[in-house]
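Subject: Handing over a two-chain model

Dear colleague,

I am passing on the structure below, and I would be grateful if you could read the notes that follow with it open beside you.

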Amino acid sequence: MNIGLLETGSGYWNALVWIIAVLVIGTGVLFLRNKGEDKYKKDTNQTKPFLSGNPEISKEDSHVGASHIYWGFTEALKNYYEPLVKMHTGSINDYSSWIILVMAIIFIIVGVS
Amino acid sequence: MSSILMHAPALIIALPLLAAFLTPILSRFNGKKISWFVSAVLGITLLLTLYMAGHILIDGPLIYVFGGSEAGLTLPSGYNFPIRIIFQIDAMGIFMALITAVVSFLAAIYSITYMEEHTGLDKYYTLLLLLATSMFGMEITGDIFNFFVFFEIASISSVALISFRSTISGEPAEAGLKYMVVSSISALMVLFAIGLFYGQYDALNIAAIASFMQYTQLDKIALILFVTVLAMKSGAVPMHMWTPDAYSEAPAAITMVLVAASQASLYALFRIIFTIYNITLNTVTVGWIIIILGVLSMFIGVTMAIIQKDIKRLMAYHAISQTGYMLLGVGVGMAVLADPQALESFGISAMEGGIFHIMNHAMYKGLLFLTAGALFYRTGTRDLSKMGGLANKMNYTTIFFIIGAAAIAGIPPFNGFASKLIIYESVFQFNPLLSIIAMLVSILTLASFVKVFHSAFLGPQLEEYKTVQEVPKSMVLAMGVLAVIIVFFGLFPDIIVKNLVHPAVMALINQSRYTSTILGGM
C-alpha cells in the first residue's frame, strides 16, 4: 500500500495501515469482551465503587483540580524544580541578561573553534 | 508567465498592507463588518500564496525585482551584483509563507466572534494585517536589510497586539513591554550584524552576500549575533522567558499568529546559517550549538509546562518545547552538512523532520491555543484549577482539543507523530541519546495534556458552568479547519514531505542554487 507511505530515512510509516491494524485488534478485543461474564446488571450495587471506611463524596467534590495533579512527580523532582522556577523571575533585566550570557557563551565557542 | 503570477510576490505583501491602511477608514462607515473585510483580504492572500506555491514547486524559485524595468531583471547591465530590493521565493520561503497565510486567515475568521464584543477593533485588525504582512516579508525577501524592516514591523505590531486592551484578565501591558524590550535588543543586534555584512561586502542582497562570504572575524561576530537573537525570538531556552508572558496574555487568535511569527524568526536563523554561511563556517560547532539549544528547549519547556495552572501559559511552555524538536532536527542537518555521506544517510531526513515539524506545530499549536481561547471565551478564566466538566457542554471544542493534544504528544495517526518519527529515527543515527531525550519529552508532553484534559474537560459539571454553551460558529470553523489539516497531514504525511518539505530542505542546503537564481552563473 503506497498511499500514505512515509519514508522516515530508516524505515516506513503508514497511518492507514496503523488504523486498519487498530480496527482489527479492536474488533478482536470487543469479540473477546463479549465472550466474558454476562451476569452484569445495570443500575444495581454492582455498578457502584466499593469504598471502605469513609462515606462516598459527592460527584461535584470528587473532581481533582489541576493544582493537585502530578503532585508526587513535582515533589519527587523538587531539587530540579526549585532552581528552575527561581530562574523564571519575570524581571526584564534577567531576560536581557540571559540573552547576553548566551551570546557570550556562543562567542567563546565559535571564537575558539 | 501570467501577469498575476509575475506580480504575486509583491501582491501578497501589498494586499494585506493596503488593507491595513484601509481598515481604520472603512471601520468609520461600518465597524461591525470590518472583520469580514479583513478575513476576505487574508483569504485572497492565502489563495495567492497557494497559487504561487504550485508554480514554485513545479517550475522553481520566483523572483521579483522592485523598481526594475522588468520584474525578473536582477542584474542591470554594468552590475555584477543586485542593487535593488529583490524578493526571492524558493521552496523553503513558500513553505513558510503557506504557514503564515493559513494561520493569519484562520486568526481573522476566529476573531470575527471572539473579538466582536470588544472596542478598538479597527486597531486590532490593522495590527493583525501588519503582522501578517511583516511575516510574509521576512519569509520571501531576498534582501537582508529589507528583512530587518519586516522584522521590526513584526515586533512592533506584535507588541501592540499582545498588549491589546480588550484582554480581560492578566497583565497584557506588562507582557507587551517585556516583548518590546527583548525585541528592541534583537533588532539592534540584527541591524549591527547587517552592518558588518554591508561594511565588508557593500551588498545587502542575501545571494550576493552568500557568494562573497569569506567567514572573516567580522562574519563570525555577525553569525553569533544572528544565532543568539533569532534563537531568542524563536523562544529557545534559556532566552525563552518572554514567550509564556506574551503567548498567555495575547488574545487567543493572536497567540496562534505569534507562534507563526516565532517560526518566521526560526526560518531566518536557518536561512542565514544555511544560505549565507553554509559550509564556510564550522558546521559541527554551529550544528551542536543549535542542537544544545534544541535539547534545552525541549526538556526545560516541557518540565515547566507540567507545573503550570494557567492553560495558555502551559501551552506556551509547550511551544518552547516543540521549537526544540525543530532546532534538534535542523541542528543535526547543520552538524553533518560538510559530510556528504552522513548528510545523505540521515542529515537530510533529520532536517525534513525538523522542517515538517514547523508546519505541524503551527497547525496543532494554533488549534490548541484556539481551544484555550474557546474555554476562556465561555468560562472567563485561564486557571485550570477553576475549570472542570466542560466536555459535557463544549463537544466540538473537546474533540478539537483531543486532536490537538494527541498531535502535539506525537500520538499516531496525527501529524505530530509523522514529523517526530522522522526526527527520532534520523537523530538516533547521529546520537542515540538525543533521540531518547526527544522521546522522553513526548511522553512528558502527553502527561501534561492529560492534566489539561482532565482538569478542564472531565469530571462532573460544575455549578458555575451549568449554562455554558459551545462557542460560536466562526470559532468552531477556524478550529475545525486546523483539525482537518492535522488529520490529513497525519494520514498522508508522504504527500506533504515529498511535495513541500523535501523541496524546502533541498532549497536550504543547496546554497549555489539560491545564489545562481539571482547572480546567474557567477
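**What was found**

B:D202 lies in the loop between α6 and α7 (206–212) of chain B, where helices (H or I, at least four residues) and strands (E, at least two) are DSSP runs, numbered from the N terminus. This is a predicted model, in which local features need pLDDT of at least 70 and side-chain atom pairs count only at pLDDT 80 or more, while totals for chains, interfaces and linings use all residues. Residues are numbered from 1 along each chain as its sequence is written, and chains are lettered from A and ligands numbered from 1 in the order in which they are written.

On confidence, the model scores ipTM 0.91 and pTM 0.94. For chain B the mean pLDDT is 94, with 98% of its residues at 70 or more; pLDDT is the predictor's confidence in each residue, from 0 to 100.

**Backbone details in chain B**

Most residues other than glycine have a negative phi, and most peptide bonds are trans.

One runs from B:V237 to B:P238, with omega near 5°, and B:P238 sits in the loop between α8 and α9 (242–249) of chain B. Another joins B:P412 and B:P413, with omega about 5°, and B:P413 is found in the loop between α14 (395–408) and α15 of chain B.

Two packed helices are described by the angle between their axes and the distance between the axes. Axes here are lines fitted to C-alpha atoms, for helices over the stretch in contact, and angles run from 0 to 180 degrees between N-to-C directions.

In chain B, α8 (residues 217–234) and α10 (residues 252–277) pack at an angle of about 155°, with their axes 7 Å apart. That angle makes α8(B) roughly antiparallel to α10(B), given that angles under 35 degrees count as roughly parallel, over 145 as roughly antiparallel, 65 to 115 as roughly perpendicular and the rest as oblique. The residues of their contact divide into 10 nonpolar, 3 polar and 1 charged; Ala, Val, Leu, Ile, Met, Phe, Trp, Tyr, Cys and Pro count as nonpolar, Asp, Glu, Lys and Arg as charged, and the others, Gly among them, as polar.

What is the angle at which α13 (residues 340–379) of chain B packs against α17(B)? The angle is about 150°, with the axes 9 Å apart, and α13(B) is therefore roughly antiparallel to α17(B). Their contact includes B:M363, B:L367 and B:L370 of α13(B) and B:M479, B:L482 and B:I486 of α17(B), and its residues comprise 13 nonpolar, 3 polar and no charged.

Helix α17 (residues 473–491) of chain B also packs with α15 (residues 415–430) of chain B, at an angle of about 40° and with the axes 6 Å apart, which makes α15(B) oblique to α17(B). B:N415, B:F417 and B:A418 in α15(B) meet B:I486, B:F489 and B:G490 in α17(B), a contact of 4 nonpolar, 2 polar and no charged residues.

**Where the chains meet**

Finally, 37 residues of chain A are in contact with 46 residues of chain B, two residues being in contact if their C-beta atoms, placed from the backbone, lie within 7 Å. The elements giving two or more residues to the chain A side are β1 (5–7), α1 (15–34), α3 (78–87) and α4 (92–112) of chain A, and α4(A) gives the most, with 12 residues. By class, this side of chain A has 22 nonpolar, 13 polar and 2 charged residues.

With best wishes
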